[in-house]
Amino acid sequence: MHVQEWLETIPAVAVYVLVAVVIGVESLGIPLPGEIVLVSSALLASQHGDINPYVLGACATAGAIVGDSIGYAIGRKGGRPLLAKLGRRFPKHFSEANIGLAENSFQKWGMWAVFFGRFIALLRIFAGPLAGVLQMPYWKFLIANVLGGILWAGGTTAVIYTVGVVAEAWLKRFSWLGLVLAVLIGIVSMLVVKNRAKKAAAQRAEAAEQEPVPVAD
């Protein structure tokens with residue numbers, strides 16, 4: 001079952017909670033499809049009035065900020081042994097190559113890596129724990145975390161919701177246009193067939209008139 005189809009089967013409150021939890025856990029450092037859940041929920045909100053996009057965006061933002069903050073605290077306490085443990089547990093995401101790439105980004109960009117990392121799937125998982133491991137001052141991390149969380153979670157919700165509303169309206173207009181076009185094609189086809197049948201009948205009548213009448217002996 002598709003994510004959006006499954007989300008349609010649960011109450012709006014459950015959708016809010018699910019979005020906050022999944023994004024929060026992903027931001028904490030555990031690979032989960034946070035972006036997929038957020039995009040699916042925002043599309044669902046554009047099609048059903050039960051889900052408020054503002055509440056959805058707020059829940060997504062809260063999950064992102066809180067999850068990243070918890071990840072930072074865990075990383076600061078666990079240090080590099082934590083990264084090694086995560087590497088054994090999630091080798092695909094926390095491989096040495098990926099950790100090295102993320103660490104280089106942090107060393108080069110500092111708090112901007114936390115901010116822009118929110119928009120990159122790999123760095124979104126690393127941002128909190130790695131910032132803690134690298135002992136980034138918390139106030140710098142918090143500023144980048146809050147701004148990045150608001151812009152990514154709130155912005156994604158707003159953009160996808162707007163696109164969904166516009167797309168739905170366009171599809172509705174398209175369906176009406178399709179119906180009108182189908183009716184017009186049907187009428188034109190009927191007239192063409194009728195006209196051809198009429199011409200064929202006239203040609204047969206004309207041919208019958210031109211046939212010589214047999215003379216009786």
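Helices here are DSSP runs of H or I with at least four residues, strands are E runs of at least two, and both are numbered from the N terminus.

This is a predicted model, in which local features need pLDDT of at least 70, side-chain atom pairs count only at pLDDT 80 or more, and totals for chains, interfaces and linings use all residues. Residues are numbered from 1 along each chain as its sequence is written, and side-chain values use heavy atoms, without hydrogens and water.

The chain has 8 helices and 0 strands. Of its 217 residues, 35% are buried. Buried means under 20% relative accessible area, exposed means over 50%, and partly exposed lies in between (1.4 Å probe, protein chains only). Helix α3 contributes several buried residues, among them Gly34, Val37, Leu38 and Leu44.

Now turn to the record. An unreviewed UniProt entry lists residues 12-32, 109-134, 141-162 and 174-193 under "transmembrane region". Such annotations may be inferred rather than shown by experiment; feature names are shortened, and positions follow the numbering used here. In the model, residues 141-162 are 100% helix and 0% strand, with end C-alpha atoms 31 Å apart. Residues 109-134 are 81% helix and 0% strand, but their end C-alpha atoms are 13 Å apart.

Ile120 counts as partly exposed because its relative accessibility is 43%.

The next loop joins α7 and α8, and Gln135 lies there. Gln135 has a relative accessible area of 42%, so this residue is partly exposed. Its phi is near 60 degrees, a positive value in a residue other than glycine. Most residues other than glycine have a negative phi.

Phe141 belongs to helix α8 (residues 138-210). At 0% relative accessibility, Phe141 counts as buried. What does Phe141 touch, not counting residues up to four places away in sequence? The partners are Asp68, Ser69, Tyr72, Val114, Ala127, Gly128, Ala131 and Met136. Contact means heavy atoms within 4.5 Å. Val114 is 27 residues from Phe141 along the chain, yet their C-alpha atoms are separated by 7.0 Å. Across the chain, 78% of contacts between residues at least 6 apart in sequence join residues at least 24 apart.
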